[in-house]
Amino acid sequence: YEAIDPYKEQLWNRAWWLRPLFITDGKIYVGHYEHSANQPLPRGAPFICLNATTGEEIFRVNGLFRQSRWGGRAIIGDSIIATQDTYDQRVYAIGKGPSSTTVIVQNDVVSLGGTIVIRGTVMDVSPGTRDQRIALRFPGGVPAVADECMGDWMLYVYKQFPKPAHNANMKGVWVKLDAVNCYTGEYIDIGGTHTDPYTGMFTVAWQPPKEGLWWIIASFPGSKSYWPSYAQTSIAVTPAPPPEPAPASPEQVQTVQSLVEALGPQITTVLMTLAILVAIAIIVGVYSIIDHRRLLKSLRT
């Protein structure tokens, strides 16, 4: 295996000088180190993991960790790699990290036939993300990303390398979504989606097929880089509202209009008759009041 130096800053060789660091689980880890490097240090020293049987490259990250001949060389214990990096003189621990999943539904009461939007995040909550330098750069947290993107992402997060370009090679993690009836235990597979690698956010639109009170569960199954995590919220699906009456057709409007026009004279006669009857009733009422007053006056006399 040759670890070619793309910058050609190894003045005596086109490849990096490598030494085996440790062998475990059928893999051999190698890295570049030397005892008296020229300053400035050559860029992009590789940290490499190879299949110990076939020599196949499992991963290679250029510039993440530069080893030391005098001490601080990478070791492994309990599946955690510990190493000093001679680029920044810090000690790092590398291993499978914890994750944190969130999920919310803004409109948590919906009528049957309506649509809800499920959204949330999957974040990397490894101890290194709580370092003040990292927390200030990522105030919303460090998103979890796909295994195949991990090298470039760790260089960006911890080594201030450029932010990976937004392309097909930069991916988030897969999130599974399910609904469970809180009372009956009925299960509905909503499906799943990938998170956005730069924010950790996922979002899905879903139309509940049944009424009831439902748990909405978002599950991140984990990966080679992160342990799994999950979160849940709830929604209430109420009965569908009654259907709105259909608007009248042009034919129906024309029929009603013709009927009104045909009944117009009769309606006018009825209205005039009602007006006359109302006037007579008022006159009779007034006459009754006057007659009653006359009667009371005569009784007093």
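In this predicted model, phenylalanine 22 is buried, with a relative accessible area of 12%. Tyrosine 29 is buried as well, at a relative accessible area of 9%. The two rings form a stacked aromatic pair, with 4.5 Å from centre to centre and 25° between the planes. Both residues belong to an aromatic cluster that also takes in Phe47, Phe59, Phe65 and Tyr92. Across the whole structure, a search finds 10 aromatic pairs.

Another pair, that of phenylalanine 220 and tyrosine 226, is edge-to-face because the ring centres lie 6.3 Å apart with the planes at 65°. Phenylalanine 220 is buried at a relative accessible area of 3%, and tyrosine 226 counts as buried at 2%.

Aromatic rings also meet charged side chains. The charged end of arginine 43 sits over the ring of tyrosine 7, 4.0 Å from its centre. Arginine 137 lies over the face of tyrosine 156, at 5.3 Å from the ring centre.

Tyr156 is one of the buried residues of helix 2. Eight of the 10 residues in this helix (residues 150–159) are buried, so the rest of the structure largely encloses it. The cover over these buried residues includes helix 1 (132–137) and several strands, among them strand 6 (80–85) and strand 7 (90–94). After helix 2 comes glutamine 160, with a positive phi near 60°.

Three bridges join strand 5 to strand 6, and isoleucine 76 stands opposite isoleucine 81 in strand 6.

Technical notes. Residues are numbered from 1 along each chain as its sequence is written. This is a predicted model: local features need pLDDT of at least 70, side-chain atom pairs count only at pLDDT 80 or more; totals for chains, interfaces and linings use all residues. Side-chain values use heavy atoms; hydrogens and water are left out. Buried means under 20% relative accessible area, exposed over 50%, partly exposed in between (1.4 Å probe, protein chains only). Helices (H or I, at least four residues) and strands (E, at least two) are DSSP runs, numbered from the N terminus. Contact means heavy atoms within 4.5 Å. Two strands pair if DSSP finds at least two bridges between them. Rings of Phe, Tyr and Trp (its six-membered ring) pair if their centres lie within 6.5 Å; planes under 30 degrees apart count as stacked, over 60 as edge-to-face and the rest as tilted. A charge sits over a ring if NZ of Lys or CZ of Arg is within 6 Å of the ring centre and within 35 degrees of the ring normal.
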